[in-house]
Amino acid sequence: MDEKRDLLDQLQQLTAELRGQFFQQLAPELPGLTAMHGRLLLMLALKPGSTAQQLTELLRRDKAQITRLLNDLQQAALLQRQSDPADGRRQLLVLSEQGQQLAAQLKAKKRQIASKMLVNLTAQQQEQVAQALAQMYQNLVNT
């Protein structure tokens with residue numbers, strides 16, 4: 001049981017350090033914005049045309065929080081809302097040109113942090129870690 005607790009502690013410590021370094025790296029790129037704004041930018045770069053509801057589900061946040069963050073991004077001219085041609089009641093979210101440029105910078109910073117984290121792991125070890133993390137995630141989601 002102690003080994004399982006230790007693994008959880010290690011995962012939490014790793015997650016906290018990743019968030020800290022990510023935010024520290026992003027702070028100059030996101031003046032006045034948070035790491036969660038950065039996550040939204042990265043998600044919209046991957047999935048342009050998403051809806052607020054889809055982002056809520058993908059990021060596991062409540063709709064009010066996502067709406068506030070999206071409003072911040074729109075106010076910063078990083079995000080545009082477009083009516084869904086299939087359903088005029090829905091809005092599709094896309095990054096502005098400035099938002100796309102910022103998302104590309106954030107993605108590069110994210111890759112730098114990942115490279116730093118994985119520096120002494122072989123490709124096989126990296127694959128094993130990725131598989132183990134994916135399986136642990138599925139175990140939690142499916143139970």
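**Note on helix packing, buried faces and loop residues**

1. Helix 2 (residues 35–46) and helix 3 (residues 52–59) pack at an angle of about 115°, and their axes lie 11 Å apart. Helix 2 is therefore roughly perpendicular to helix 3, a term used for angles of 65 to 115 degrees, whereas angles under 35 count as roughly parallel, over 145 as roughly antiparallel and the rest as oblique. The axes are lines fitted to C-alpha atoms, for helices over the stretch in contact, and the angles run from 0 to 180 degrees between N-to-C directions. The helices and strands themselves are DSSP runs numbered from the N terminus (helices H or I with at least four residues, strands E with at least two).

2. This is a predicted model, in which local features need pLDDT of at least 70 and side-chain atom pairs count only at pLDDT 80 or more, while totals for chains, interfaces and linings use all residues. Residues are numbered from 1 along each chain as its sequence is written, and side-chain values use heavy atoms, with hydrogens and water left out.

3. At the place where these helices meet, Met36, Arg39, Leu40, Met43 and Leu44 of helix 2 are in contact (heavy atoms within 4.5 Å) with Leu55, Leu58 and Leu59 of helix 3. Met43, which belongs to helix 2, touches Leu55, Leu58 and Leu59 when residues up to four places away in sequence are not counted. With a relative accessibility of 16%, Met43 counts as buried, the classes being buried under 20% relative accessible area, exposed over 50% and partly exposed in between (1.4 Å probe, protein chains only). The C-alpha atoms of Met43 and Lys109 are separated by 15 Å, although these residues are 66 residues apart along the chain.

4. Which residues of helix 3 are buried? They are Ala52, Leu55, Thr56 and Leu59. These residues lie on the same side of helix 3 because they cover an arc of only 105° around the axis, the arc being that of the directions from the helix axis to the C-beta atoms. Their cover includes helix 2, helix 4 and strand 2 (87–95).

5. Thr51 lies in the loop between helix 2 and helix 3 and, at 8% relative accessibility, counts as buried. Once its neighbours within four places in sequence are left aside, Thr51 is in contact with Arg90, Gln91, Leu92 and Leu93.

6. Most residues other than glycine have a negative phi. Arg60, however, which follows helix 3, has a positive phi of about 55° although it is not a glycine. Arg60 sits in the loop between helix 3 and helix 4 (63–75) and is exposed, with a relative accessible area of 58%. Ala77, in the loop between helix 4 and strand 1 (79–84), also is not a glycine and has a positive phi, here of about 65°; at 39% relative accessibility, Ala77 counts as partly exposed.

7. Ala64 is found in helix 4 and counts as partly exposed at 42% relative accessibility. Ala64 and Ala52 are 12 residues apart in sequence, and their C-alpha atoms are 9.7 Å apart in space.

8. How far apart are the end C-alpha atoms of helix 5 (residues 97–117)? They are 30 Å apart, which agrees with the 30 Å that its 21 residues should span at 1.5 Å a residue, the expected span being 1.5 Å times one less than the number of residues. In helix 5, the residues Gly99, Leu102, Ala103, Leu106 and Ile113 are buried. They cover an arc of only 105° around the axis, so they are on the same side of helix 5.
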